[in-house]
Amino acid sequence: MTLPILVIAGVALNEKKTLAFPPQGFSLEWYAQAFTDDGWRAALVHSVLVATAAAAISVSIAVPIAWFLWRRVAPWARIVEVLGLAPFILPPVITALGALSFWATTGFYGQPWTVVISHGIFFVSLPLVTVTLGFATIDREIIEAGMTMGADDRTLLKTVVFPLVRPYIISGFAFAFVLSLNEYIVAYMTVGFTLETIPIKIFNALRYGYTPTMASVSVFFVLVAVVVFGLVARFGDLPKLLGAWSEGDKG
């Protein structure tokens with residue numbers, strides 16, 4: 001799995017403007033160009049802004065759903081959970097076509113904020129899963145003890161529940177952020193070329209030739225994913241975030 005990444009990293013070091021491997025010469029020019037070139041820098045800023053806003057929307061939708069599923073245990077609650085997971089279960093091209101049809105019908109196709117909302121809905125499944133896992137780890141006896149001491153729902157949510165699920169919320173935000181950062185199909189279908197994110201910029205750049213800048217940007221995105229997931233693993237309980245409980249937790 002690391003071999004293609006190593007090849008791309010090597011290609012980005014070419015001294016000449018070519019995607020040759022092994023690299024011909026050594027230069028960091030293409031890494032610098034990803035931040036100094038106006039087009040690439042704008043695409044990078046767009047990607048970060050879209051991913052941040054979309055991840056925030058995903059979390060803001062996922063947390064109330066997970067809270068409802070945890071508090072209101074009912075046979076039909078499973079339907080709500082499935083609806084929350086549905087966007088990510090469907091093939092991306094189906095979701096992208098649905099978003100294209102919706103925004104075109106409403107007359108908002110091509111507006112920059114349409115990709116933010118579309119990504120926010122498309123990736124809501126990720127924080128929904130992690131936050132649901134977070135709620136599942138809460139010992140209900142703690143909640144009962146708080147209620148016995150006179151705490152209302154708002155106090156319990158603020159002082160007990162939220163601190164316990166906060167790592168899961170952050171991890172869900174991180175997962176949605178990284179995937180939104182790299183998503184192409186939905187972004188292209190909703191804004192076309194009116195707002196260039198990095199994935200769209202890469203595909204646009206292919207029409208004018210193959211430059212090592214594309215490779216350097218790809219390496220940068222891999223590093224961002226490694227850093228984000230590394231922080232999640234460092235400051236969170238990664239096995240629990242991935243749905244693995246110990247026997248003590250299950251009991």
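**Packing and pocket of the predicted model**

Tryptophan 40 touches Gln33, Ala34, Ile198, Lys201, Ile202, Ala205, Thr213, Met214 and Val217, leaving aside residues up to four places away in sequence (contact: heavy atoms within 4.5 Å). The model is predicted, with pLDDT of at least 70 needed for local features and 80 or more for side-chain atom pairs, while totals for chains, interfaces and linings use all residues. Numbering runs from 1 along each chain as its sequence is written, and side-chain values use heavy atoms, without hydrogens or water.

Trp40 is also among the residues with the most contacts inside the largest nonpolar core, together with Phe177, Leu181, Ile198, Ile202, Val217 and Phe221; this core has 28 residues. Such a core joins buried Ala, Val, Leu, Ile, Met, Phe, Trp, Tyr and Cys residues through side-chain atoms within 4.5 Å, buried being under 20% relative accessible area with a 1.4 Å probe and protein chains only. At least two core residues come from each of α3 (38–71), α9 (153–182), α10 (185–191), α11 (198–205) and α12 (212–235) (helices: DSSP runs of H or I, at least four residues, numbered from the N terminus). The top contributor is α12, with 7 residues. Another core, of 15 residues, lies apart from it and includes Ala62, Trp70, Leu128 and Val165.

Now to the open space. The largest pocket has a volume of about 220 Å³ (pocket: on a 1 Å grid over the protein atoms alone, an open set of points where a 1.4 Å probe fits, with protein on both sides within 12 Å along at least five of seven lines; lining residues have an atom within 4 Å of a point; volume: the space filled by probe spheres set on the points, which are joined across faces, edges and corners). Among its 12 lining residues, Thr95, Gly98, Ala99, Ser118 and Ile121 are the closest to the centre.

Methods
Buried < 20%, exposed > 50% of the residue type's maximum accessible area, 1.4 Å probe, protein only.
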